[in-house]
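This briefing goes with the sequence and structure shown below.

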Amino acid sequence: MHHALLVDEILLNILAALREADAPYSQLNAVARTCHLLSPLALDFLWSELPDARPLLQYMKPRIPNDQRTSVPCPSFQRAASRVRKLSCPALACSDTHSQTALTERLRLLSMMHITTALFPNLRRLSWTDTDQSRYVYIRLFLSPTLESLELDFFFHKPPNFPFLTLLPKLCPNLHSMSISKHPVISLSGDEGPSAVQTICRLPRLTALECKSSTISKADLLHLSQLKSLATLSLGIPSWVSSDHGSLEPHSSGAAKDCADRLWFCNLRNLHLRAYSMPVITSFVEPGCRPLQSVVFDISEAPTTASLTECFSTLYSTQCDNECNAMRSIKVRDSFSKATLGVSQLLPDSKVITLDVFKPLFAFTKLRVFDLGVCLSFSLGDLDLTAMASSWPELEVFCLNEGRGWHLSASEPRPSITIRGLQSLCALCPRLYQIAIVLNALLPCPITSHSSRQDTALARNSAVTCLSLGDSRLANPQDVACALSNIFPRLKRISAWQYPLDKLPEGRYHRRLWEEVNKILQQRDITVVAK
């Protein structure tokens with residue numbers, strides 16, 4: 001064996017590369033069998049992350065009566081289980097009855113073993129997405145005091161149906177992240193015992209919770225809002241939460257309202273909400289979640305400019321002046337990513353976003369990510385863009401309707417952003433590396449090779465390599481390519497008029513012009529490399 005392999009750092013890098021290669025398990029297994037010295041480390045890599053529990057369960061053998069060797073897990077199983085750090089139990093195809101039966105039988109055999117300590121003493125992350133309810137009881141076999149993250153994907157009934165659930169605080173005292181995905185969380189009445197949410201909230205170190213369904217009750221939401229350790233929450237908001245704030249249980253009485261408002265997600269930092277409409281989001285945020293660092297709002301219904309403005313104003317009003325600097329990321333998306341507004345359609349003001357919509361967010365001066373994707377039109381000019389950039393000098397990601405377009409209409413003239421405005425954006429926000437806006441490049445570009453030589457103050461951004469320009473219109477591809485190259489010297493590609501925008505009138509025409517711009521950029525790169 002080469003002496004370099006005696007250096008742990010070199011050996012670890014080699015094994016890490018094998019784990020990222022094709023067929024990593026067969027390669028790591030081969031290394032473990034090749035050399036006695038390399039075997040322990042190779043086996044650590046081989047078993048540390050298991051996407052399926054079945055390879056490990058293959059060590060289970062039928063139990064023989066009065067045979068002490070079969071009453072406990074075999075040494076091979078114990079050695080492999082001690083190496084597992086991340087384990088998944090994926091859903092099996094219902095039609096694969098053989099695999100379903102074999103998995104159930106091996107789990108049953110494991111449950112019959114005489115076990116006095118944790119089977120997985122070093123397990124950190126467990127993901128259980130099994131769809132067979134009869135196997136839920138076996139989840140307890142995989143729990144250990146070292147577990148930090150638990151993802152469960154099935155239909156919750158009441159905790160008595162899942163004995164492991166009520167024992168989580170005792171079995172997994174270090175659990176800090178939990179995810180309940182896809183299926184509803186049933187909130188039970190008092191005579192049925194505590195709900196799943198209330199049971200989960202008893203975890204002493206829970207800092208992150210994901211609940212994708214939208215069936216949480218008022219009582220459970222209030223209970224969850226008082227959890228002081230919670231820092232990250234991803235939650236589906238049910239339909240009973242509305243703009244009628246009196247319907248929320250925290251506001252039912254004066255004393256209860258004061259207490260609930262004071263402790264309403266008081267230590268939450270990262271918030272991801274899913275709801276039908278923007279007013280529902282606003283209702284949830286209004287009691288005050290502070291000081292937030294990032295928010296993601298996913299809504300099913302397209303918002304109006306008024307509902308967006310109200311939500312942004314509420315988000316600002318819930319933060320104290322000295323807490324506004326904590327906000328780093330704001331993302332708002334509706335479900336109409338493939339929808340387009342007809343360019344000939346005369347849009348009402350409720351469908352047109354202006355600078356006034358964004359003004360409540362100008363207080364978040366440390367904002368780094370702003371991503372807005374909604375089925376609305378925009379009316380923004382160079383001065384508006386400059387006002388936004390001046391308020392957010394640390395901006396790194398700036399996306400307004402990426403891939404959707406702004407639905408500008410020639411029959412309804414509005415202010416528009418030019419390449420000069422884009423240049424000002426880059427000058428005021430030097431950290432930008434991702435930009436998605438819509439430009440009006442029909443007029444001659446003021447930023448050309450000749451002018452840039454005379455303008456020593458021209459801001460250049462070397463981080464942006466791709467621009468998303470939606471339904472931007474242009475006239476002269478050569479001028480546009482030259483102007484954008486001067487602002488973004490490493491620009492390689494521009495994405496514009498992609499589906500479904502190319503189905504709009506003039507879509508194919510302008511898409512072809514932007515493809516010419518891309519060809520010019522590619523030719524420029526070839527020329528630079530040749531030099």
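With which residue does lysine 359 form a salt bridge? The partner is aspartate 356, and the closest N and O atoms of the two are 3.2 Å apart, a salt bridge being a side-chain nitrogen of Lys or Arg within 4 Å of a carboxyl oxygen of Asp or Glu.

The model is a predicted one, in which local features need pLDDT of at least 70 and side-chain atom pairs count only at pLDDT 80 or more, while totals for chains, interfaces and linings use all residues. Residues are numbered from 1 along each chain as its sequence is written, and side-chain values use heavy atoms, with hydrogens and water left out.

**Overall architecture**

- The protein chain has 19 helices and 19 strands, where helices (H or I, at least four residues) and strands (E, at least two) are DSSP runs numbered from the N terminus.
- Of its 531 residues, 47% count as buried; buried means under 20% relative accessible area, exposed over 50%, and partly exposed in between, with a 1.4 Å probe and protein chains only.
- Among the contacts in the protein chain with a separation of 6 or more, 77% come from residues 24 or more positions apart, contact meaning heavy atoms within 4.5 Å.
- The accessible surface of the protein chain comes to about 24,700 Å², and 54% of that surface belongs to carbon and sulfur atoms; the areas come from the Shrake-Rupley method with a 1.4 Å probe, and for residues only the protein chains shown count as cover.

**Salt bridges**

- The structure holds twelve salt bridges.
- In the pair described above, lysine 359 counts as partly exposed at 43% relative accessibility, and aspartate 356 counts as partly exposed at 48%.
- Lysine 366 forms a salt bridge with glutamate 394, with the closest N and O atoms 3.2 Å apart. Because lysine 366 lies in the loop between helix 14 and strand 12, and glutamate 394 in the loop between helix 15 (382-391) and strand 14, the pair ties together parts that are 28 residues apart in sequence.
- Lysine 366 is partly exposed at 30% relative accessibility, whereas glutamate 394 is buried, with a relative accessible area of 15%. Salt bridges with shared partners join Lys366, Arg368, Glu394 and Arg431 into one network.
- Arginine 108 and glutamate 105 meet through their side chains in a salt bridge (2.5 Å, N to O), and both residues lie in helix 6 (residues 97-111), three residues apart, about one turn of the helix.

- Helix 13 (residues 305-317) has 13 residues and should span 18 Å at 1.5 Å a residue, which agrees with the 18 Å between its end C-alpha atoms; the expected span is 1.5 Å times one less than the number of residues.
- Its buried residues include Leu308, Cys311, Phe312 and Leu315, and the buried residues of helix 13 pack against elements including helix 12 (278-285), strand 9 (294-299), strand 10 (329-334) and strand 12 (369-373).

**Parallel strands**

- Strand 3 (residues 125-128) pairs with strand 4 (residues 149-152) in the parallel sense over four bridges, two strands being paired if DSSP finds at least two bridges between them. Leucine 126 stands opposite leucine 150 in strand 4.
- Strand 4 also pairs with strand 5 (residues 177-180) in the parallel sense over four bridges, and serine 149 stands opposite serine 177 in strand 5.

**Backbone geometry in loops**

- Tyrosine 499 and proline 500 are joined by a cis peptide bond with omega of about 10°, and proline 500 is found in the loop between strand 19 (493-496) and helix 19.
- Glutamate 506, found in the loop between strand 19 and helix 19, has a positive phi of about 70° although it is not a glycine, and this glutamate 506 counts as partly exposed at 47% relative accessibility.
- Asparagine 401 has a phi near 60°, a positive value in a residue other than glycine; asparagine 401 is buried, with a relative accessible area of 2%.

**Helix 19**

- Aspartate 525 has its place in helix 19 (residues 507-530) and counts as partly exposed at 21% relative accessibility.
- Leaving aside its neighbours within four places in sequence, aspartate 525 is in contact with Leu491 and Lys492; the C-alpha atoms of aspartate 525 and lysine 492, 33 residues apart along the chain, are separated by 7.9 Å.
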